Amino acid sequence: MDLATTTARTPSKTFASRLRKDLIMNKYVYIMACPIIVFYILFHYVPMAGLVIAFQDFNAFKGILGSHWVGLKHINEFLTSPYAFRVIKNTFLLNVYQILFGFPAPILLALLLNEIRSHIFKRTVQTVSYMPHFISLVVVCGMLVDFTASSGVINDLVHALGGERTNLLMQKEWFRTIFISSGIWQEVGWGSIIYLAALSSVDPSLYEAAEMDGASRLRKAMHITLPALVPTITILLIMRLGHIMSEGFEKIILLYNPLTYETADVIASYVYRRGLQEANYSFGAAVGLFNSSINFIILLAANYVSRRFVKESLW
């Protein structure tokens, strides 16, 4: 056996040895992970075979094999639709606003909670901030409809201050504000958990040394606490950017109406109407595939930029 063959086989044998050793040492972890892996295979990867209908005029009676192939017809139909620019713009803007206002909110809450010295008060604030996450989305949207109605509590306050009553969810200029602010209220506490977990690994001696050097609480937060969160923030931001062209249709559909389509209609809600309500499954699959492809490209770009400049990345 020559040297080249030996050199080529050694890394593979080393990897196999490490993998076998890891499987033995962490066998219970892998056993617990098996149901999750099976779930993703069955409900996320196997259904991807159905994406083939994006290139067909799918007929449920003929099936995938019997349906007529049309290539990129549905994607072209979407991009040339008079609604394409509107739904793409709305999807993009809603996600940008959520990144600008919603993404920093849990970070700020975690930083503030980290400065609280009273454990009872800290636990109370954490519990109260976590609770909205467990409220059903339907219930949250029902609350928003009631609160923003012309006879709701928000309009009562506006009227008391001398303003006029108006149904805020019927005003297109208010939809994004209501959507983003309610999302922050519902998820800010839950989102802070991962940052608090990251802060728990910070060495307390760093704070003690900084305090001995005369650093204020603000300086300790800026030079110790915040840098400790940078890896977590970077990874979560990359993952969030990977969904910048996606917005779940559930909350949109529960809140929007024809009067607010101009600012509320997104790709997911448009596909819901065209793909499900009109039973145009091929069109819905094509737009979903197009949207996922754009998100994947953005994810790759964000990961590359982060790895190049921040030295942190998903891979």
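## Basis of the description

Helices (H or I, at least four residues) and strands (E, at least two) are DSSP runs, numbered from the N terminus. The model is predicted, so local features need pLDDT of at least 70 and side-chain atom pairs count only at pLDDT 80 or more, while totals for chains, interfaces and linings use all residues. Residues are numbered from 1 along each chain as its sequence is written, and side-chain values use heavy atoms, with hydrogens and water left out.

Side chains of opposite charge can pair when their charged atoms come close. A salt bridge is defined here as a side-chain nitrogen of Lys or Arg within 4 Å of a carboxyl oxygen of Asp or Glu. Nine salt bridges are found when the whole structure is searched. One of them joins Glu115 and Arg217, with the closest N and O atoms 3.2 Å apart. This pair links distant parts of the chain, 102 residues apart: Glu115 lies in helix H6 (residues 104-115) and Arg217 in helix H12 (residues 217-241).

Glu262 forms a salt bridge with Lys172, and here the closest N and O atoms are 2.8 Å apart. Again distant parts of the chain are linked, since Glu262 belongs to helix H14 (residues 261-264) and Lys172 to helix H10 (residues 172-199), 90 residues apart.

Glu115 is partly exposed at 21% relative accessibility, and Arg217 is partly exposed at 44%. Glu262, at 43%, counts as partly exposed, as does Lys172 at 34%.

## A salt-bridge network

Glu77, Arg274 and Glu278 are linked in a network of salt bridges. Arg274 is buried, with a relative accessible area of 15%, whereas Glu278 is exposed at 51%.

## A nonpolar surface patch

Patches consist of residues with over 30% relative accessible area and no salt bridge; like charges are joined within 9 Å, and nonpolar side chains (Val, Leu, Ile, Met, Phe, Trp, Tyr) within 5 Å. Accessible areas come from the Shrake-Rupley method with a 1.4 Å probe, and for residues only the protein chains shown count as cover.

A nonpolar patch of about 1200 Å² includes Ile36, Phe39, Tyr45, Met48 and Leu51. Leu51 is located in the loop between helix H2 (27-45) and strand S1 (56-57). With 32% relative accessibility, Leu51 counts as partly exposed.

Note on methods: Buried means under 20% relative accessible area, exposed over 50%, partly exposed in between (1.4 Å probe, protein chains only).
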